[in-house]
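Subject: Structure for your reading

Dear colleague,

Please find below the structure that I was asked to pass on to you. My notes on what was found in it follow.

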Amino acid sequence: MKDKLLNLAFRYGAVVVIIGVIAFFSFRLPYFFTYGNLTDILGSITIVTFVAIGVTLSLVVDGFDLSVGSTVSLTTVGAASLMIWYEQPLWVVIIVPLILGAIIGLVNAFLIVKLRIPDLLATLAVMYIVGGIHKTYAAGYTIYNHMEFPDGTKAPGEMSAAFLQLGQGKWFGIPISAVLLIIAVALVHIFLTRTKYGRQMYVTGGNEEAARLSGIKVKRVRTLAYVASGVFAAIGGIIYASRVGSGQIDAGSPLLMESVAAVFVGFSVFGAGKPNVIGTFIGSVLIGVLVNGLTMMNLQYFTHDIVKGIVLVLALAVTFYVLNRSRT
Amino acid sequence: MASSFQLEMSGIGKQFGGVPALHAVDFTVHGGQIHALLGANGAGKSTLMKILSGAYQPDSGRIAADGTELHITSPAAAKQHGIHCVYQEVDSALVPQLSVAENVMLDALSSGQGSMWVNYRSMDKQVKAILSRLDDSIDIHKKVYELSLAQKQIVLLARILSQDAKVIIFDEPTAPLSDSECEAFFRMMHSLKDAGVACIFITHRLPEVLEHSDMVTVMRDGRKVYTGRTQEITGDGIIGHMLGKTFEEEFPKKDTVIGDVLLQAEGVKRGHKVRGADLEVRRGEIVAVVGLVGAGKTELARILSGADQPDEGSIYLKGKKLSLKQPADAVSAGIVSIPEERRKEGIFIHESVDLNLSIPVLNQVSRLGFISRKKEKALSAKMIGALGVKAASGSQLVKFLSGGNQQKLAIGKWLDSGAEVFIFDEPTKGVDIGAKSDIFRIIGDLADAGKGILYFTCELAEGLGIGDRIAVMSGGTISKVFARGEATQAQLLYYASGGLEEDHEG
């Protein structure tokens with residue numbers, strides 16, 4: 001009986017909590033359950049969810065990528081500077097940050113797969129290095145349209161309307177970036193569950209030695225997971241630059257823990273018990289709903305972290321308690 | 001100096017889940033003696049020694065030292081009575097980051113008694129005094145991770161001597177050592193003996209027993225079958241006692257056409273465990289590689305399947321030299337393995353039967369990278385039928401299957417992969433009789449289909465039953481190869497125990 005209850009809580013707990021939270025806010029706040037507000041919530045979670053997709057992929061291969069936050073910072077500043085300092089065309093502004101993300105992923109993979117540094121430590125180090133690089137590159141300034149340099153000259157360029165569409169544009173009230181996000185979630189979900197590459201990633205993460213002896217090139221699989229993680233963080237960074245219309249220093253730092261929280265909440269969605277991208281998306285939605293509702297209830301900004309932390313602890317408690325029971 | 005100390009185990013019985021492991025075993029050791037304990041795998045040696053060292057509790061019987069009964073309820077209690085054990089894995093008992101001196105004094109440091117301050121100067125003095133009895137060439141300030149395996153053993157012994165040791169159990173201490181290290185080890189064991197310690201020496205190597213021990217006890221099937229002075233028995237006599245009268249199992253052996261050489265290994269070496277092994281297997285041939293635990297079988301199997309890289313030597317497939325950097329290279333060349341640690345290495349126990357069976361052949365069940373669930377189901381259903389796997393459905397999780405059915409999956413996943421060489425490492429370990437004969441049948445069918453089979457096992461009877469040729473492995477080399485029907489279990493055991501015709505290493 002107790003076991004059954006636990007399993008039910010494990011399977012549907014996260015979903016019930018989300019529905020409960022939405023119901024609660026809808027009841028208390030007249031403007032909460034409106035089309036405009038719901039699409040706003042969707043818009044507010046796109047960047048962190050893109051980052052969280054990358055974190056999901058690194059967790060699928062039983063790794064961990066702490067460097068995603070600073071990758072977002074670097075690519076945000078990179079994209080903004082390419083447009084504002086160097087007046088590059090749109091495709092360059094998008095391609096170069098993606099390449100940067102992939103390179104950071106390769107560096108992570110080199111440290112972890114080749115030099116065998118534990119993933120947390122390797123990506124922690126890379127997080128510092130990348131964070132330092134982006135601040136050095138921007139010389140500590142936020143990059144905005146026609147910004148003034150210390151020597152009195154002005155930056156030549158500004159963000160083009162096409163680029164701003166990416167983060168600010170809407171189709172029928174739905175942010176374009178949110179549409180892109182949903183497409184990405186669907187594609188990654190299909191990739192992970194329906195393709196042989198996704199299968200190889202999961203079994204590599206589940207039991208690396210058995211996967212290796214089954215003829216899977218586990219080093220390559222793990223490398224690709226880290227590269228994908230970097231690329232998704234870069235997408236988050238590009239959208240960030242477009243959303244705020246400037247290149248903010250340290251934009252990505254708060255995104256790291258938030259995306260990790262979304263992924264771990266996702267562990268418990270539908271009782272998956274493993275990293276999965278649908279769960280990650282739902283986890284992100286839960287956090288977005290909470291932040292939105294709490295803001296509308298006029299709770300101060302800094303109390304949000306307490307709520308996010310408690311949600312994360314609850315999700316982790318359910319997931320790991322049930323998982324450990326079923327394993328022993 | 002022979003001491004009068006005497007430790008007596010009498011009528012020791014032990015069951016595991018209803019299966020008797022020991023039947024009323026009597027075993028007595030005296031101070032100042034080296035007592036060799038022998039027996040085939042599963043004879044009950046380790047169980048007996050684990051009872052003595054407090055790891056297990058006996059169901060019946062008593063243990064007494066000099067006539068007073070001992071109640072050994074835990075390893076700590078055994079140590080208090082002066083009974084210590086040197087396990088084969090010395091690394092698990094030492095703290096690599098600490099110095100030699102700190103490791104030797106670890107028990108004193110970790111006990112609740114004494115001062116909270118560490119007096120390094122007096123500690124050094126004590127440690128030097130102890131080490132001078134064993135081997136004073138070790139720098140006591142070195143960190144343990146810098147030491148060789150043999151030196152680590154000495155440190156572990158020194159730690160035991162730092163307490164008042166009366167009985168020391170050595171569990172296959174020489175298996176990982178080189179020849180010169182072995183000599184040093186035996187010098188050390190003799191000096192312990194001279195100091196009045198009772199040494200219990202578990203080994204598979206007969207020459208060591210005959211040369212160094214004073215007493216021999218042989219166990220078989222959970223019983224003590226022989227105890228006597230070493231001078232009064234020969235190597236053949238010991239082997240006779242170890243084997244006893246065993247009934248041969250029935251093996252459904254087919255006669256197959258044996259073709260060209262498929263896989264060939266020449267002078268393969270890796271570390272201490274594999275020291276220059278030569279081996280070949282032909283089409284349609286089952287080569288049984290038999291050897292006792294610690295002979296280097298698993299290590300050789302891992303090298304041949306690409307899981308580990310050899311330090312020296314070469315591997316050829318159909319005459320072409322292979323360079324195996326990872327198992328994927330071996331798999332794509334057509335060499336597949338069914339590893340010994342099946343739950344850890346052979347299958348994915350938290351996943352479904354379908355997934356386990358399709359992993360090596362994902363290409364066959366997918367198009368443009370997309371897995372076809374239909375094809376995967378069909379493949380899995382075919383394999384489940386062919387192998388006789390007892391599973392509710394293909395979506396059942398593998399962790400709920402029996403060991404034998406799990407093993408069938410570990411084999412079955414390779415059947416459609418187009419592999420030509422199958423490397424089995426102890427495939428019948430932990431498998432019930434019914435599944436065992438299924439596995440033999442599957443292996444026979446593979447040989448019949450022209451595959452080359454390497455069958456690594458420590459069960460001599462199994463090797464004799466299944467092999468077209470039987471290669472005996474001992475001390476990291478193939479010491480002897482017999483054709484089918486040429487060998488008896490006694491001969492296999494003789495060569496497996498280190499009875500060499502000539503020294504292959506020379």
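In this predicted model, helix 1 of chain B is followed by Gly54(B), whose phi is positive, near 90 degrees. Helix 1 itself covers residues 45-52 of chain B, and 6 of its 8 residues are buried, so the helix is largely enclosed by the rest of the structure. The buried residues of helix 1 are Lys45(B), Thr47(B), Leu48(B), Met49(B), Ile51(B) and Leu52(B).

In strand 5, Leu70(B) is the bridge partner of Ile63(B). Strand 4 (residues 60-65) of chain B also pairs with strand 1 (residues 6-16) of chain B, in the antiparallel sense and over 5 bridges. There, Arg62(B) in strand 4 is the bridge partner of Ser10(B).

Another part of chain B holds an open sheet of 6 strands, in the order 16-19-20-13-21-22, with mixed pairing. At its edges are strand 16 (335-338) and strand 22 (477-483) of chain B, each of which pairs on one side only. From one strand to the next, the twist averages 20 degrees. Strand 16 pairs with strand 19 (residues 421-425) of chain B in the parallel sense, over 4 bridges. One residue pair to look at is Ser337(B) and its bridge partner in strand 19, Ile423(B). When you view these strands, please recall that in a regular strand the side chains alternate between the two faces of the sheet. Helix 18 (residues 489-496) of chain B lies across strand 13 (286-290), strand 21 (469-474) and strand 22 of chain B, and runs at about 35 degrees to strand 21.

Is Val104(B) buried or exposed? With a relative accessible area of 0%, Val104(B) is buried, since residues count as buried under 20%. Val104(B) belongs to helix 3 (residues 100-104) of chain B. Leaving aside residues up to four places away in sequence, Val104(B) touches Val127(B), Ile130(B), Val155(B), Ala158(B), Arg159(B) and Ser162(B). Arg220(B), by contrast, is 116 residues from Val104(B) in sequence and 36 Å away in space, C-alpha to C-alpha.

Turning to chain B as a whole, it has 18 helices and 22 strands. Its radius of gyration is 25 Å, close to the 23 Å that the globule rule gives for 506 residues, so chain B is as compact as a globular protein of that length. Its C-alpha atoms fill a box of roughly 70 × 50 × 50 Å along the principal axes. Of the 506 residues, 54% count as buried. The accessible surface of chain B comes to about 21,900 Å², and 50% of this belongs to carbon and sulfur atoms.

Between them, the chains bury about 2,200 Å², 56% of it on carbon and sulfur atoms. Lys196(A), Arg199(A) and Leu213(A) supply 31% of the area that chain A buries against chain B, more than any other three residues.

Yours sincerely

Definitions and conventions: Residues numbered from 1 in each chain as written. Chains lettered and ligands numbered in written order. Predicted model: local features only at pLDDT ≥ 70, side-chain atom pairs only at ≥ 80, totals over all residues. Heavy atoms only, no water. Pairing = 2+ DSSP bridges. Helix = DSSP H or I, 4+ residues; strand = E, 2+ residues; numbered from the N terminus. Axes fitted to C-alpha atoms, helices over the stretch in contact; angles between N-to-C directions. Contact = heavy atoms within 4.5 Å. Rg over C-alpha atoms; globule rule 2.2 N^0.38 Å. Buried < 20%, exposed > 50% of the residue type's maximum accessible area, 1.4 Å probe, protein only. Areas by Shrake-Rupley, 256 points an atom, 1.4 Å probe, with all protein chains shown as cover. Buried area = accessible area lost by both parts, 1.4 Å probe.
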